[in-house]
Amino acid sequence: MAGLGSYDRGWTPKEFYQNYLKFEIKNYKDRKNYEPDRWFFEINQYYFLIKWMDPNVYFPYTEKDRILRNVNPPEDYYINKKDFLNRNLFRQIIEGDRRDYFAYDCEYWMPLLPGKNQYKILINDITDQRRDGAEPEFDLPEGYSVRMKIVPAMRTLGSDPTRMPIGERPKSPELVRKGFEIEFTIEKNRPGEEEPACDLEIGS
């Protein structure tokens, strides 16, 4: 019954200008294998969600508001990805078809909007209790993509401004939480390049 609370629909652009978000997170822990049939969640996956901050607001929103719209594509977009994370059709009917879990050691391409747009990103490794986010803005001409680099990081009182009062910095920062460092670079797509399939091994 939990799935009846919301339906997460994947986003498919009406017009596409070969703009992608390209990303991969390397397996930074001693994960011995990929286990897609665990009871609750796969141990070698992470949650990733990106939302477009739509500036085209309407009543009752104000001029400075931004409406968050999901950008993650549907499961069928990655049907040939070979990452062992494809949900079955029944779960997609109940919960929605939006892809929001991704495998470590696998490069993904996700369609983005062309032109100048701002986004809100969330990355969460549930098993490692590690999460982080960003609110980048990209200005993408046709045929250009964003390469997102993600590495694990330790957040301290000094390096995490959301946890510190303005104007205060401790002499010896105390560990607060585990997060990620997220960097973005814009690159031109190479002619004929296609999104690679995963090359993962399932162990027991």
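Author: Buried means under 20% relative accessible area, exposed means over 50%, and partly exposed is what falls in between. Keep in mind that we're looking at a predicted model.

Reader: Okay, then is K22 buried or exposed?
Author: K22 comes out at 0% relative accessibility. The cut-off for that class is under 20%, so K22 counts as buried.

Reader: Which residue forms a salt bridge with K22?
Author: The partner sits in strand β10 (residues 175–188), while K22 is in strand β1, so the pair ties together parts that are 165 residues apart in sequence. The closest N and O atoms of the two are 3.9 Å apart, and the partner is E187.

Reader: How far apart are the closest N and O atoms in the salt bridge of E107 with R147?
Author: E107 is in the loop between β4 (101–103) and β5, and R147 is in strand β9 (residues 144–156), 40 residues apart. R147 is partly exposed, with a relative accessible area of 25%. Both residues belong to one network of salt bridges that also joins K22, E187, R190 and E193. For E107 and R147, the closest N and O atoms are apart by 3.4 Å.

Reader: What about E135 and K120, how far apart are their closest N and O atoms?
Author: This pair links E135, in the loop between β7 (130–134) and β8, with K120 in strand β6, 15 residues apart. E135 has 44% relative accessibility and counts as partly exposed, and K120, at 35%, counts as partly exposed too. The closest N and O atoms of their salt bridge are apart by 2.7 Å.

Reader: On to the rings: is the pair of F23 and Y108 stacked or edge-to-face?
Author: F23 is in strand β1 (residues 20–24) and Y108 in strand β5 (residues 108–111), 85 residues apart, and both are buried. Their rings are 5.7 Å centre to centre, with 25 degrees between the planes. The cut-off is under 30 degrees, so the pair is stacked.

Reader: Why does the pair of Y119 and F138 get its own label, and what is it?
Author: Y119 in strand β6 (residues 115–125) and F138 in strand β8 (residues 137–140) are 19 residues apart, and both are buried. The ring centres are 5.8 Å apart and the planes are at 35 degrees. That angle falls between the 30 and 60 degree cut-offs, so the pair is tilted.

Reader: N72 next: which residue has its backbone nitrogen 3.0 Å from a polar atom of the N72 side chain?
Author: N72 is found in the loop between β3 (67–70) and α1 (89–95), and at 0% relative accessibility it counts as buried. Its side chain has a polar atom 2.9 Å from the backbone oxygen of F48. The backbone nitrogen you're asking about belongs to I50.

How values were computed. Residues numbered from 1 in each chain as written. Predicted model: local features only at pLDDT ≥ 70, side-chain atom pairs only at ≥ 80, totals over all residues. Heavy atoms only, no water. Phe/Tyr/Trp six-rings, centres within 6.5 Å; stacked < 30°, edge-to-face > 60°. Helix = DSSP H or I, 4+ residues; strand = E, 2+ residues; numbered from the N terminus. Buried < 20%, exposed > 50% of the residue type's maximum accessible area, 1.4 Å probe, protein only. Polar contact = N/O pair within 3.5 Å; in protein donor to acceptor, adjacent residues only side chain to side chain. Salt bridge = Lys/Arg side-chain N within 4 Å of Asp/Glu carboxyl O.
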